[in-house]
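Hi everyone, thanks for making time. I'd like to walk you through some side-chain contacts, so let me put the model up.

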Amino acid sequence: MRKKKYAARVMAAVLAGVMVLPGCGGQSSGETDAAGTAAEGVKEPGGETQDQGETGTSEQAENSAEETVEKPEKITFMVDGTLVSKANGQDEWVKRWEELTGIELEIIQPDHTAYYDVLGQTIASGPENWPDVLITTSQYYTNYAKEGVLWDMTQAWENSSVKKSGRIVNENVVDSLYIDDHLYGLATGPGMGCITYIKKQWLDNVGLDVPTNYEEYLEVLDAFTNGDPDRNGVDGDTFGVSAAGFINAEAPYIQYLPEFWQDAYPTFYQKEDGTWVDGFTEDSMKEAIVRLKEAYDAGYIEKETLTNATSDCRNKFLEDKFGVFTYWPGSWQKRLTEGLEANGHDGELIPIAPIAEVGAYIDRTPVALCITSACDNPEGVFKYFLETALDGGEVQELWTYGVEGVHWSTAAEEVCGVQYEEGQFHMLESREAPGTQYTKAFFAGDNPLARFEEGKDKGAGSFDPMILESNELFNANSRPAQLPVSTDEMAQYNGDLTTLKYSIIADCITQGISVEEGMKRFEEEGGAEWSKLILDSLNQQ
């Protein structure tokens with residue numbers, strides 16, 4: 001029997017994990033941004049619909065193994081607002097899922113912004129209260145895995161029909177969730193990061209080409225700041241770039257200003273030889289701070305960057321106040337374009353490949369669907385819940401687009417001012433946000449983890465080429481982020497250490513403090529000591 005003492009230890013670790021990687025209150029600023037609204041959704045995994053032990057393989061040994069997996073009678077699923085909500089037809093979604101699988105499904109869906117608080121409280125209350133399946137970001141994934149909250153699904157995945165199907169778009173997405181050769185969660189889709197957009201009209205107006213290196217990038221920022229890129233007849237009333245802070249509150253931290261950070265990283269990371277280092281103490285960090293400080297002093301970076309929220313940046317970008325914006329790819333390119341046009345500005349954006357010094361954008365660790373160790377039948381839940389979600393057919397369609405007649409349709413009709421012909425796939429008007437259309441039920445069809453079976457993707461061809469091209473550019477020019485890790489020393493010291501680092505970075509960029517003075521403060525206020533204690537614990541694992 002599981003003990004309450006164990007649950008208390010888990011809760012302590014969970015709380016410590018929040019300190020390890022601060023800033024998670026539902027998802028990163030990009031999560032709701034990258035996913036769209038709570039009425040929309042993220043992406044998710046599974047496999048072929050395999051009712052009553054069918055495996056779709058001709059190998060007798062595998063058939064025998066599959067037949068031993070008991071089909072669950074009921075599955076409980078704790079999820080944030082990335083699954084369609086009650087207001088947006090969740091009851092119809094659950095009914096359709098139950099029809100397709102023959103299993104009762106209970107959805108536990110706290111308010112999106114409070115999800116991780118509720119999840120932590122649920123875990124702390126004891127295994128008897130844990131759901132069969134939960135969704136979690138990397139900030140919590142590693143801690144939950146370490147503390148035994150999550151079931152090890154390594155063998156289930158390696159032997160799954162989904163993995164063997166050849167339909168996984170990029171296995172690196174799944175591989176990024178392995179911890180010491182063990183898998184505790186299945187990705188809901190690519191994690192995605194941010195890509196740099198430049199206003200094409202502004203670039204044309206100042207007579208410059210798309211930058212390919214840092215020198216050319218600064219030339220663009222200078223022209224956007226000191227010239228007249230918006231052609232309003234006034235020089236110097238715009239600026240080059242803005243962001244929601246010089247450094248993001250959570251991994252991968254540097255995604256909003258990658259051209260300045262380049263190869264610098266503000267926290268702990270593992271080198272190719274397996275040793276851990278604190279990127280804040282490396283020369284690359286000092287050089288990055290200098291680049292940011294010089295650009296800030298020159299006026300290239302908006303002065304309010306330190307206090308901006310992502311919504312502030314979006315609004316200023318759409319108001320034509322600055323010309324370079326690093327933000328989410330895919331549907332966000334279309335939304336930014338439409339927002340500029342709605343404000344009477346030219347909306348054409350150029351998503352650029354990383355400049356030479358950056359090399360690759362950082363792809364965030366994906367959101368994971370995990371089976372808890374308290375689940376009575378984890379093998380059955382993996383097969384009938386996770387695998388079926390990527391069956392390449394009807395169940396994957398449900399996870400991606402939702403219910404026909406509720407979330408999507410092929411009927412001849414007008415939706416949100418757009419006329420559709422008979423047989424033309426389209427998403428329907430959101431119940432919760434009238435005037436807008438659904439974009440997904442949970443998975444993102446424009447950037448899936450697994451392809452549909454040939455001819456079974458009803459939504460194929462419905463995505464704007466702009467969205468697909470933006471996703472493709474990011475996917476082709478990104479590298480996976482490292483999974484966060486935790487030790488007792490990390491849990492004890494990294495919260496204060498991170499606060500100190502961020503304060504030093506801000507003071508060096510905005511308050512005229514030299515990098516040398518900032519690093520001296522790092523020593524004097526305990527940062528170097530905390531860093532060494534954490535590094536020793538990481539390198540002794």
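**Side chains and rings**

Let's start with Thr-498, which lies in helix H19 (residues 488-510); helices here are DSSP runs of H or I with at least four residues, strands are runs of E with at least two, and both are numbered from the N terminus. Before I go on: this is a predicted model, so local features need pLDDT of at least 70, side-chain atom pairs count only at pLDDT 80 or more, and totals for chains, interfaces and linings use all residues. Residues are numbered from 1 along each chain as its sequence is written, and side-chain values use heavy atoms, with hydrogens and water left out.

Is Thr-498 buried or exposed? It's buried, at a relative accessible area of 9%; buried means under 20%, exposed over 50%, partly exposed in between, with a 1.4 Å probe and protein chains only. Its side chain reaches the backbone oxygen of Asn-494 at 2.8 Å.

Now the rings. Rings of Phe, Tyr and Trp (its six-membered ring) pair if their centres lie within 6.5 Å; planes under 30 degrees apart are stacked, over 60 edge-to-face, the rest tilted. That gives 31 aromatic pairs. Take Phe-246 and Tyr-296: the centres are 5.8 Å apart and the planes at 75°, so we call that edge-to-face. Phe-246 is in the loop between strand S8 (239-241) and helix H12 (258-261), and Tyr-296 is in helix H13 (residues 283-297), so the pair ties together parts 50 residues apart in sequence. Both Phe-246 and Tyr-296 are buried.

Ring pairs also link a cluster, with Phe-77, Trp-93 and Trp-97 among its members.

Terms used
A polar contact is a pair of N or O atoms within 3.5 Å; within protein, one must be able to donate a hydrogen and the other to accept it, and residues adjacent in sequence count only if both atoms are side-chain atoms.
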